[in-house]
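Here's a quick briefing to read alongside the model. Have the sequence and the 3D view open, then work through the points below.

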Amino acid sequence: MKFTLLVIDDEKNIREGLAADFEMDGYDVKIAANGDEGLEFLSKGDIDLVITDLRMPGTSGEDVLKKVTREMPGIPVIVLTGHGSIDAAVSAMQNGAYDFLTKPLNLEHLELVVKRALKGRELSLQHQELLSEVKSKSSDNMIGKSPSLQKVNNLINKVADSKISILITGESGVGKEVVADAIQQKSSRRDKPFIKVHCAALSESLLESELFGHEKGAFTGAETLHKGKFELADGGTIFLDEIGEINPGVQVKLLRVLQEKKFERVGGEKTIEVDVRVISATNKTLEDEVKQKHFREDLYFRLKGIEIMVPPLRERKDDIPLLLNNFLLKYNKENNKNIKGFSNSAKNILFNYDWPGNVRELQHCVESAVVMASGDEIQAEDLTIKLEDKKNSSGILVPYGISLEDAEKMIILENLESNNGNKTKTADILKIGRKTLHRKLNEYGLVTSSGPEEE
Ligand SMILES: Nc1ncnc2c1ncn2[C@@H]1O[C@H](COP(=O)(O)OP(=O)(O)OP(=O)(O)O)[C@@H](O)[C@H]1O
Ligand SMILES: [Mg+2]
């Protein structure tokens, strides 16, 4: 992939020098002597990254930066400032600059920053491609392209058309019901009844009559004959959700249906025969339940003709971008909004969070963020993920390949930023003296002697 850089600087030497240097590195480079010329290039498209001076006569670098972050998110902007003021730098970062460098420029450092920014740009382009794929495949309800979800998908395709019993396992919210739906949809029974029973929601006696039905007068209150779910599902599929919760009495009856396809209604003597495909799901480890004698081993093996294990989201983080975009589209539509994406700090949290509630939690998180967000992008503050989790997971993301010096610079700057530029507080948090902080800021060109002082 050949990238095009746009260099905007009113100093001829700098823009031409940078152009020559980056062309040698194999980039296409466009140069502009002021903000207006730069915006003209940008409006034609095809620019992948902007390097701009901050203070220029007319349209400033700040204006260019604001316009790009607002209208062309995804194009990183690197800001050059000759003034070395922490204020200008912090404000540029707050306005969405990818990074800033102070003049005189350290060319090697600039090259590194450009490389890193373009890596992110490449990912974001791939991301957009995937997004359009999601749109075109909206009939398929199972979103995700990670290798482990592909495996699940392959398994679904293999087993869908057979009659074998399927046991779907995985933590709460991973998408077990989504898998059950997909199996039903891909099976030849797709036009036949698909009956779902939530086993945990019913008491022992209710569950039995719910599954197998009851005769009129079978118990107090049974005023009419009631057909059970197995009868209603005849010819089709039954989905027994939370199968780990069923009691021993129902377990025996269920075993018989699986083995002989026969049962009697509660209070009845007539044997009823059905042809039903059984899919069950649980977030318990049934093997343990068997060991503890809570669950019949023979039933366990009958249910588990094939087991489909849906991995937790934290083990397939590649699925997160697709899921985020998919839910963003969904909730934009539902809420009549047009949010374009997630800010870098929001992404940082979303990608680093562990998602104990899996896809369900992520879905709810996006839904509430869409409702809360007021701008074009979902910000870190719009996310409901708990603060402790945010702190643990977001922190400061130090990229690979960065020098120790740059890492230190990043840590200092990010801490300064989150303390609104207050150096005393920042020094306290970093457990260094205020003088040391000053020296480092000077060394890194982050502040000049005329830099701002608080207190
Ligand atoms: N791969 C996926 N693509 C799109 N949506 C998904 C996916 N996986 C899960 N979801 C959504 O996440 C939510 C939870 O999924 P589901 O109900 O299937 O989870 P579950 O494993 O059955 O959870 P529980 O054990 O709590 O019953 C649903 O709204 C579902 O639509
Ligand atoms: Mg479920």
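The protein splits into domain 1 (4-134), domain 2 (147-313) and domain 3 (317-393), with bounds that come from an automatic or database domain assignment. Between the centres of domain 1 and domain 3, taken over C-alpha atoms, there are 27 Å. Bear in mind that this is a predicted model: local features need pLDDT of at least 70, side-chain atom pairs count only at pLDDT 80 or more, and totals for chains, interfaces and linings use all residues. Residues are numbered from 1 along each chain as its sequence is written, chains are lettered from A and ligands numbered from 1 in the order in which they are written, and side-chain values use heavy atoms, with hydrogens and water left out.

**Around ligand 1**

- The shell holds 17 residues, and Ile143, Ser172, Gly173, Lys176 and Gln363 come nearest (a residue is near if one of its heavy atoms lies within 4 Å of the molecule).
- Domain 2 (147-313) and domain 3 (317-393) each give at least three residues to this shell.
- Helix 7 (176-186), helix 13 (319-335) and helix 15 (358-372) each supply at least two shell residues; helices are DSSP runs (H or I, at least four residues) and strands likewise (E, at least two), numbered from the N terminus.
- By class, you get seven nonpolar, six polar and four charged residues (Ala, Val, Leu, Ile, Met, Phe, Trp, Tyr, Cys and Pro count as nonpolar, Asp, Glu, Lys and Arg as charged, and the others, Gly among them, as polar).

- In the side chain of Arg360, an N or O atom sits 2.9 Å from an oxygen atom of ligand 1.
- On its own ligand 1 exposes 630 Å², and the protein buries 84% of that (areas are from the Shrake-Rupley method with a 1.4 Å probe).

**Asp53**

- An unreviewed UniProt entry lists Asp53 for "modified residue: 4-aspartylphosphate"; such annotations may be inferred rather than shown by experiment.
- You'll find Asp53 in strand 3 (residues 49-53).
- Asp53 counts as buried because its relative accessibility is 5% (buried means under 20% relative accessible area, exposed over 50%, partly exposed in between, with a 1.4 Å probe and protein chains only).

**Asn419**

- Look for Asn419 in the loop between helix 17 (404-418) and helix 18 (423-429).
- Its relative accessibility is 11%, so Asn419 counts as buried too.
- The Asn419 side chain reaches the backbone oxygen of Asn415 at 2.9 Å.

Key. A polar contact is a pair of N or O atoms within 3.5 Å; within protein, one must be able to donate a hydrogen and the other to accept it, and residues adjacent in sequence count only if both atoms are side-chain atoms.
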